Protein chains: 2
Amino acid sequence: MAEGDSGNPEYEYKYEYKQVIVVRTDLAMGKGKLAAQAAHAAVSALKEAEKMRPDWALKWLSEGQPKIVTKVGGLEELLRRYELARSLGLPATLIVDRGLTQLEPGTITCAGIGPAPVNEVDKVTGDLKLLRCRGRERPARWRPTAGAPPPIELRR
Amino acid sequence: MAEGDSGNPEYEYKYEYKQVIVVRTDLAMGKGKLAAQAAHAAVSALKEAEKMRPDWALKWLSEGQPKIVTKVGGLEELLRRYELARSLGLPATLIVDRGLTQLEPGTITCAGIGPAPVNEVDKVTGDLKLLRCRGRERPARWRPTAGAPPPIELRR
């Protein structure tokens, strides 16, 4: 099993496949907009994986679809990560907002990379920081999310 | 074609299927956490749809996977919406955070409802408000996102 993202054993969670969503922090996206763009990236990159490497997609889903959300400072850095992922043969998609609301039409907001083996994804995004909140939106009990287990679906 | 979510023609965008992600606002989730949970809900509810109604899933994807992120004030309201969706035969999943970081283990954070026909989803979430940002995180150019076209994937 590959190691999780954190060296802190308290947050250690082991999985073999992951997806990373890379978000631009230089855009004025509200929480809802950002969540929708990230969700779009997750679905799109999964669909890409299901075409390119259905075995990766299935294994990732069976592990509970571990995913983390990281940040880059701008478009150039986002494109660089995306191109690197593609050059390594990883499923990756760029998400373009159609504008009309908060952003200019055609704004590239984020990228979905993977699901793919953890060590492969880390070649592309391993050095990126997690997206956190800031200012007064920062929760009082804030602690790092890297290496935490992915959320689960409730069976009712 | 079903109508979009907004009565404002400037933001009108017509599609037949949609997915709604319903998020609790009473939890101290940072932006990154919220984005990851929403992405998890989007993928899980899509997987549910692919089992229950693969035709809905395919049509939704072909329309560009329109999705919106809405809010509820707490767990009870979230569960009520989820149960209503299930009782109507719609794909729906609840997302449970495993804790360790910002939230107590087992916290139900959000739900994914659909993809499903717009009029069916609206029976469950049509009256919910969009999740927006607040306070100083509110972008200067804030305008409503309802009825806006979904983001697109960039083909490179």
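**Exercise 1.** Find the bridge partner of A:Tyr17 in β4(A).

*Solution.* In β4(A), A:Tyr17 is bridged to A:Pro117. The model is predicted, so local features need pLDDT of at least 70 and side-chain atom pairs count only at pLDDT 80 or more, while totals for chains, interfaces and linings use all residues. Residues are numbered from 1 along each chain as its sequence is written, and chains are lettered from A in the order in which they are written.

Next, take the strands. Strand β1 (residues 17-24) of chain A pairs with β4(A) in the antiparallel sense, over 6 bridges; two strands pair if DSSP finds at least two bridges between them. Strands are DSSP runs of E with at least two residues, and helices are runs of H or I with at least four, numbered from the N terminus.

**Exercise 2.** Which residue in β4(A) stands opposite A:Ala92, and how many bridges join β3 to β4(A)?

*Solution.* A:Ile113 is the residue opposite A:Ala92. Strand β3 (residues 92-97) of chain A runs antiparallel to β4(A), joined by 6 bridges.

**Exercise 3.** Why is strand β4 of chain A largely enclosed by the rest of the structure?

*Solution.* Strand β4 (residues 107-117) has 11 of its 11 residues buried, so it is largely enclosed. Buried means under 20% relative accessible area, with a 1.4 Å probe and protein chains only. For the whole of chain A, 60% of the 156 residues count as buried.

**Exercise 4.** Give the order of helices and strands along chain A.

*Solution.* Count the elements: 4 helices and 5 strands. Along the sequence they follow β-α-α-β-α-β-β-α-β.

Conventions: Heavy atoms only, no water. Buried < 20%, exposed > 50% of the residue type's maximum accessible area, 1.4 Å probe, protein only.
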